[in-house]
Amino acid sequence: MKLTDPDRLFPAEPRIRFLARALYEPIAELPIISPHGHCDASWFAKNTRFPDPAQLFVVPDHYVFRMLVSQGVSMDDLGIPRADGSVPDTDPRDIWRRFAEHYHLFRATPSAMWLDHSFEHVFGVNERLNADTADAIYDHIDAKLAQDAYLPRALYDRFNVEVLATTEGPMDDMSCHREIAASGWTGRVITTYRPDAVVDPEYEGFRDNLAAFGKVTGEDTTTWAGYLKAHRIRRAYFKKYGATATDHGHPTARTEDLDKADAAALYAKVRSGACTTAEAEVFRAQMLTEMAKMSLDDGLVLQIHAGSRRNHSAKVFASHGRDKGFDIPSPTSYVSALKPMLDAVGMEPDLTIILFTLDETSYSRELAPLAGVYPALRLGPPWWFFDSHEGIKRFREATTETCGFYNTVGFNDDTRAFCSIPARHDVARRSDCAYLANLVATGRLGLAEAHEVAYDLTYRLAKQAYRL
Amino acid sequence: MKLTDPDRLFPAEPRIRFLARALYEPIAELPIISPHGHCDASWFAKNTRFPDPAQLFVVPDHYVFRMLVSQGVSMDDLGIPRADGSVPDTDPRDIWRRFAEHYHLFRATPSAMWLDHSFEHVFGVNERLNADTADAIYDHIDAKLAQDAYLPRALYDRFNVEVLATTEGPMDDMSCHREIAASGWTGRVITTYRPDAVVDPEYEGFRDNLAAFGKVTGEDTTTWAGYLKAHRIRRAYFKKYGATATDHGHPTARTEDLDKADAAALYAKVRSGACTTAEAEVFRAQMLTEMAKMSLDDGLVLQIHAGSRRNHSAKVFASHGRDKGFDIPSPTSYVSALKPMLDAVGMEPDLTIILFTLDETSYSRELAPLAGVYPALRLGPPWWFFDSHEGIKRFREATTETCGFYNTVGFNDDTRAFCSIPARHDVARRSDCAYLANLVATGRLGLAEAHEVAYDLTYRLAKQAYRL
Amino acid sequence: MKLTDPDRLFPAEPRIRFLARALYEPIAELPIISPHGHCDASWFAKNTRFPDPAQLFVVPDHYVFRMLVSQGVSMDDLGIPRADGSVPDTDPRDIWRRFAEHYHLFRATPSAMWLDHSFEHVFGVNERLNADTADAIYDHIDAKLAQDAYLPRALYDRFNVEVLATTEGPMDDMSCHREIAASGWTGRVITTYRPDAVVDPEYEGFRDNLAAFGKVTGEDTTTWAGYLKAHRIRRAYFKKYGATATDHGHPTARTEDLDKADAAALYAKVRSGACTTAEAEVFRAQMLTEMAKMSLDDGLVLQIHAGSRRNHSAKVFASHGRDKGFDIPSPTSYVSALKPMLDAVGMEPDLTIILFTLDETSYSRELAPLAGVYPALRLGPPWWFFDSHEGIKRFREATTETCGFYNTVGFNDDTRAFCSIPARHDVARRSDCAYLANLVATGRLGLAEAHEVAYDLTYRLAKQAYRL
C-alpha cells in the first residue's frame with residue numbers, strides 16, 4: 001500500500017486541486033535549500049551509518065517522544081538520555097515497538113506525515129506502522145541503514161540538498177566542518193553562529209562560557225570591549241566555515257540600544273553572576289542590537305527565534321535536561337520589543353533580520369505590519385509547532401495581505417531529524433501551492449504570476465534572504 | 001418545511017460532503033455522553049412538566065436573551081428574574097412574541113441552529129419562527145409540553161442520553177440526586193463537585209459559605225487543615241452520588257504550590273475577609289493545586305474553566321445578579337499560570353486535569369503544546385461562545401497538529417437548556433466529521449482511521465477521560 | 001486583457017460560487033454609503049483635476065508606498081513630503097516607473113486588487129502594470145485625468161456614492177464643506193468630529209491646540225468646564241455640516257469615569273504640559289466617557305479606533321512626520337478597558353458606540369461578546385490592515401456566531417485613496433456574499449434570509465448605525 005497520497009495537501013475541490021498540482025509539478029524536484037536547522041555536522045564529517053531505527057526516528061526527535069510521554073509512556077522506556085549523561089539501557093527494538101503501538105496518537109499530525117513520507121520514500125516501507133507491523137518495519141529499515149546508499153552523505157545527495165546549514169555554539173572548534181571541507185565531498189554543509197551560551201546570562205554555565213569564549217578568541221572577555229571584539233572574531237571564524245547567518249534563541253523579542261557606558265556596566269554585572277532576571281533580559285536585548293550592528297559590518301543575516309518558554313517542567317529539566325519536548329510557546333510581542341533595535345538599524349537596506357515567532361497572533365497584528373515597512377526586516381517561515389500544513393496556511397493567510405510574499409524568506413526545516421528534511425520541504429511546497437491555487441481560483445492572482453511565486457517561495461527567496 | 005438541512009455543517013464540496021456523511025452516519029445515533037453541564041437535577045427528581053415555551057427556551061438561556069438585550073429589549077420584558085428575587089410579571093406569550101419578532105438576530109448563530117433543531121426534532125415544528133408564526137408555534141409547543149412524552153425523564157430517554165452530569169455547589173444536600181436514585185428510574189444523572197463558593201474569596205457570601213461548609217461536613221473550617229479535610233469529606237460525599245469530576249470556574253488559570261505554613265496563613269487571611277484582590281487570586285491558585293493533589297487520592301477528574309470576566313456590567317449585576325449574559329472572556333494565559341501545579345503533579349499519569357479556555361489564542365500557542373507533553377493534561381472541548389461550528393473547526397485546526405486527537409476529551413454540552421442537548425451534540429458530531437472528512441480528502445488521514453477517530457471523539461474519549 | 005476576474009473572491013466550489021454570485025448580483029450596484037474615511041473635502045469643494053497618476057495612486061497612499069519602502073526604495077524617490085514641509089523634487093513619471101517595477105510586491109495583497117480595479121474600471125486600463133507597461137499606463141491615466149469626467153465630483157457621481165463622510169480636526173473652519181453646500185452640487189459630503197488634537201495630551205502642539213480651541217469656540221479652555229463646553233459647541237458646529245459621528249484614534253481602548261473634581265484636576269495637569277505618560281492615558285480614557293455622555297445628548301455616534309502604535313520609527317517620524325506607513329498595531333484589550341464607560345452608559349439603547357480594532361484576537365474573545373450584550377455597542381468593520389478578503393472572512397467567522405450580523409454596521413472604506421472607494425466596497429460586498437453563500441451551502445442560513453442579510457450588510461446597517 002501507499003503510505004502517502006500523491007495529491008496530499010492539495011485542496012479537494014477539483015479545479016483548485018488541478019491548479020495546485022500544476023503549480024507544484026515544476027517546483028517539486030527543485031533542490032532543497034536548508035538555511036537553518038539542527039543536523040549534526042559530524043554525520044557528514046564521519047559518514048558512518050545511523051545506528052538503528054529507534055535512534056534515527058524516535059530518540060532524538062522531541063516532536064515524536066513528547067507525544068508518547070503525553071499519554072503516559074516514560075522517558076526511560078523510550079531510551080531518552082538523562083541529564084547526568086546516563087542512557088537507559090533500553091533495547092532499540094523495544095523502543096520501536098512502543099512507538100509503533102502508540103502510532104495512532106500521531107493521526108493528522110505533521111509528525112505522521114513526515115514519518116510516513118520517510119518510511120515510504122526514503123526506506124520503501126509499504127505498510128502502516130502499528131503493533132503488528134512494528135518488527136517487520138524495524139528489520140526493513142535496519143537492513144537499509146547498513147547499505148552505503150543510506151549513509152549520511154549518500155542521503156544528502158539523494159535528497160537533492162543544495163546547501164544545508166547546521167547550528168553551532170560559539171566555542172565550537174569547527175572540526176567537523178573542517179573535516180567535511182577536507183574530504184573532497186561536494187556537499188555544501190555550512191555553519192551558523194549561535195552564541196546563546198555567551199549571550200544569555202541565564203544559560204547553564206554562563207560565566208565559564210565567557211571564560212572559554214575569551215580563551216578561544218584570545219580576547220579579554222572581562223571587558224565589554226573585549227567581549228564584543230571576541231564576537232567579531234568568532235563571527236569571522238564562522239564565516240570561514242560558510243556561515244551566512246547568526247541565530248538567537250531568546251525568551252522574548254526584546255531589544256535595547258543602551259549607550260556604551262550603560263552597556264559596559266551591565267556587562268560587568270552579568271559577568272559577575274549577580275544580575276537579576278530583569279537585567280539578564282536587558283542584556284540579551286542589548287546583544288540583539290549589538291549583533292545587528294555587527295551584521296551591518298560583516299553581512300551576516302540575523303535570525304531571531306523568540307518566545308519559547310524553555311524547560312517548562314522543573315522535574316523533567318532536573319532529570320533529563322534541555323530539549324526534551326518541554327519548551328512551550330508563550331505570548332510574545334514585537335512592536336515595542338523591537339523598537340530600540342529598529343530605531344538603530346531598521347531602515348538599513350543592506351541589513352537582513354529574520355523574525356520567527358511561536359505566537360501566531362503576532363502574524364497579522366505585528367510581524368506582517370513591521371516587515372511590510374522596515375527594509376531590514378523579513379519574516380521567517382512558521383516555526384516549530386507551526387511548521388505544518390495548517391500552520392503554513394494560517395501564516396500565509398495572515399501575512400500575505402499585509403507584507404506580500406517578498407518580505408518572507410522561503411522555508412526552513414529547522415530539524416535534527418535528517419530523514420524528515422525532504423518530507424518537510426515537500427509539505428511546505430505543497431501547502432504553498434495549495435494556497436496559491438486558491439488565490440488563482442478566486443481571482444486574486446494570475447496563473448503565470450503564481451508559477452513565479454511558487455518558484456520564489458521554494459528556491460529563490462531562501463537563497464536571496466540568506467545570501468547563499 | 002424543514003427547519004434543518006439534513007446535510008448541515010458538512011462541507012459543500014461534493015467529495016468531502018460524501019466523506020463527511022459516511023463518517024457521520026455510524027456515529028449519528030450513538031448515545032449521548034454529557035459529562036459536564038448545568039441541567040437542574042430537580043427536573044429528573046420531580047419529573048414535572050416544563051412550564052411554558054418561554055420558560056423553556058428564552059428565560060433561562062443567557063445565550064438567547066443576551067442577544068435580545070444587545071438590541072435594546074429590556075430584561076423585564078423578557079421576564080428575567082431580578083437580583084432581589086422578584087420576577088417581572090410578564091406574560092410568557094408576550095415574552096415569546098418578543099423573541100419571535102427578533103428571531104432574525106440569531107441568523108447564522110449556534111443558538112439558531114440549536115433552537116431550530118429543538119423546534120423541529122423535539123417538538124415537530126415545521127415553520128420558521130417569526131412574528132407571524134409566533135402564536136401558532138407557542139401553542140404547538142405548549143400543547144406538547146403537557147404530554148407525558150415531554151416530561152424530563154421521557155425526553156432524557158428519547159434523547160438517548162447514557163449519562164448526564166449536573167453541577168452542584170459544595171453545600172448541596174444531594175436531595176434531588178437521592179430522589180432520582182430512589183425512584184427506580186434507569187437514567188444516570190450524576191453530580192459534579194463545584195466548590196467555587198468556598199474556594200473563591202470574592203464569591204458572594206464567602207465567609208458564611210465557609211461556616212456552612214464546616215457545618216455540613218462537621219469539620220472545623222476555621223483552620224486550614226480542617227478546611228482541606230472538609231473538602232475531602234465533601235468530595236467523597238459527591239462521589240456517592242456519582243461524581244467522577246470536580247469543576248472550577250476561575251477568572252484566571254493561575255496556580256500556586258505554597259508550602260503548608262504559607263497556605264495556612266493565607267487561608268487565615270482570606271477567611272477573615274480582609275484579603276486583597278491579589279491574595280484572593282493566590283488563594284484560588286493554591287486551591288487548584290490542592291484539588292489536584294486530592295484528585296491523586298480519590299481519582300476525581302479536575303476541570304478548570306478559566307478566563308471568564310463575570311458580571312461585567314455593574315448596573316446589571318446590581319439589578320439582576322449573576323449569570324445574566326454579562327460574562328465576557330478575557331486574555332488568559334496558561335504557560336506560567338499552570339507551572340506550579342504542573343511542577344507538583346503534571347507528570348502523574350493517573351491524574352486527569354481537563355483545561356478549558358475562552359481565549360482561542362491559547363489553543364495553538366499554549367494549550368496544545370502543554371497537553372501534548374504533560375501526561376496529566378487533557379484539552380476540554382470548545383467552551384461557551386466557541387461551542388459552535390466555527391469554534392469547533394478552529395479548535396481542531398489549532399490543536400490537532402500539536403497534541404493529536406487523543407489528548408482531547410470529546411464533547412461537553414455545558415448547558416442549562418435541556419432541549420438543546422441533542423442539537424449541541426449533533427453539531428459537534430457533524431463538525432468533527434466535517435473536519436475529519438477534509439483530512440481524508442487531502443490525504444492527511446486514512447478513511448478507516450477517520451471512522452475510528454469519529455467514534456472516539458463522539459463516545460469513547462469522553463467516557464475514558466471522565467472515567468464514566 | 002481583463003485585470004479583474006468577474007467572479008473574484010467568490011469561493012471556487014461551483015455550488016457555493018453560484019450562490020455567492022446570486023447573492024451578489026442584486027446588491028452589486030447599490031449606492032455606496034461611506035460613513036467613515038479620509039477623503040479631502042477640498043476635492044469636492046474645488047473640483048479641480050487630480051495632478052497626475054503618481055499623486056493619485058502612490059504618494060498619498062501609505063498602503064502602497066510602505067511596501068516599496070520595505071524593499072529598500074527610499075521615500076525621496078517616491079516623492080513623499082518631508083516633515084519640514086519640503087517635497088523632494090521627484091518627477092512623477094519616475095515615481096510611477098519605480099512603482100511599476102515593484103508592482104509584483106503587491107501580488108495577492110488588497111492593494112493590488114484595489115489598484116487593478118481602479119485601473120480597469122475607473123480608467124479603462126487593460127494591461128497589467130509592470131516596468132514595460134509603466135509609461136503607456138501613465139500616459140493613459142494622465143490623459144483621462146484631464147477630462148471633465150474624471151474631476152472629483154464627476155467621479156463621486158459615477159461611483160454612485162450616496163453619502164461620504166470626511167474627517168476633520170476640531171479647529172477646522174468647515175470652509176470646504178461650506179463651499180460644497182453653497183455650490184449647488186447634489187453630492188452629500190459630510191464631516192466627522194475628530195478631536196484627537198485637543199484630547200490627546202501627547203499630540204503635537206497639544207497646548208497650543210487647546211488655546212486655539214478656546215479661540216475658535218469662544219470658551220475659556222483653561223478650565224475643565226470651559227473645555228467641555230467648547231467640545232459641545234464644536235460638536236454642534238460640526239453637526240451643521242452634516243456630522244452624525246465623532247471619531248477617536250487612541251493608542252488603547254481604555255476608558256475612565258472619574259468624578260468631576262478628579263477630572264478637573266487631571267485636566268489642569270495635562271493642560272500644564274507636565275503630565276506623565278500614564279496621566280495622558282487616563283485623560284484620553286476619561287474623554288471617551290465624556291464624549292459618550294455628550295453623544296447621549298446630541299445623538300452623535302461615537303467611533304473608537306483603538307490600538308495603533310503610531311509613528312513607530314523615530315527616524316522616519318523625525319524626517320517625514322505622521323502617517324507615513326509606520327503605524328503598527330499592538331495587542332489591545334477591551335474588556336477591562338471599556339468597563340468604566342460601559343458602566344456609565346453601556347445600557348443606553350439610544351447611544352451608539354462603534355468599536356474598531358487592529359488586534360484580531362479581540363474579535364471572538366472580547367468584541368463580539370461585548371457587542372452581543374450591551375445595547376450601546378456595535379462592531380465596526382475590519383480596519384486598516386484587515387480591510388481585505390481574508391480580513392473580512394476572519395471577522396465574520398469570528399464574530400457572527402456570538403453577536404450575529406445585526407450588531408455590526410456594514411462597511412467603512414476609511415481611505416484617502418478616492419479611486420479605491422468602489423473597489424473597496426466591492427471587495428466587502430463580494431467577501432460578505434462569499435461568507436453568506438458558504439452559510440447557505442452548509443445549511444446554516446436560508447437563501448431568502450441570506451439575500452436580506454446581504455442587503456443589510458451592504459446598505460441598511462451602515463445608514464442605520466450612522467444615522468444617515
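Contact here means heavy atoms within 4.5 Å, and every view below comes from a predicted model.

**View 1. Where chain B meets chain C.** With that cut-off in hand, the contact draws 45 residues from chain B and 43 residues from chain C. Putting the pair together buries about 3,700 Å² between chain B and chain C, and 55% of that sits on carbon and sulfur atoms. On the chain B side, the residues to look for are Arg107(B), Ala108(B) and His312(B): they lose the most area to chain C, and together they make up 20% of what that side buries.

View 2. How many salt bridges run between chain B and chain C? The count is four. Zoom in on Arg107(B) and you'll find its side chain in a salt bridge with that of Glu449(C), 3.9 Å from N to O. Polar contacts link 24 residue pairs between chain B and chain C, counting pairs with both residues at pLDDT 80 or more.

**View 3. What chain B brings to the chain C contact.** Several elements of chain B each supply at least two residues of the side that touches chain C. The helices are H1 (14-24), H4 (62-70), H6 (110-122), H15 (314-320) and H18 (389-403), and strand S7 (328-329) joins them. Sort the residues on this side of chain B by kind and you get 19 nonpolar, 13 polar and 13 charged.

View 4. Rotate chain B by 120°, with 0.0 Å of shift along the axis, and it lands on chain C with an RMSD of 0.0 Å. The two copies are thus related as by a three-fold rotation axis. Which residue of chain B comes closest to that rotation axis? That's Glu13(B), whose C-alpha lies 3.6 Å away. The copies use different surfaces here, with 4% of the contact residues of chain B recurring in chain C.

Technical notes: Residues numbered from 1 in each chain as written. Chains lettered and ligands numbered in written order. Predicted model: local features only at pLDDT ≥ 70, side-chain atom pairs only at ≥ 80, totals over all residues. Heavy atoms only, no water. Buried area = accessible area lost by both parts, 1.4 Å probe. Polar contact = N/O pair within 3.5 Å; in protein donor to acceptor, adjacent residues only side chain to side chain. Helix = DSSP H or I, 4+ residues; strand = E, 2+ residues; numbered from the N terminus. Nonpolar A, V, L, I, M, F, W, Y, C, P; charged D, E, K, R; others polar. Least-squares fit on C-alpha atoms with pLDDT ≥ 70 in both.
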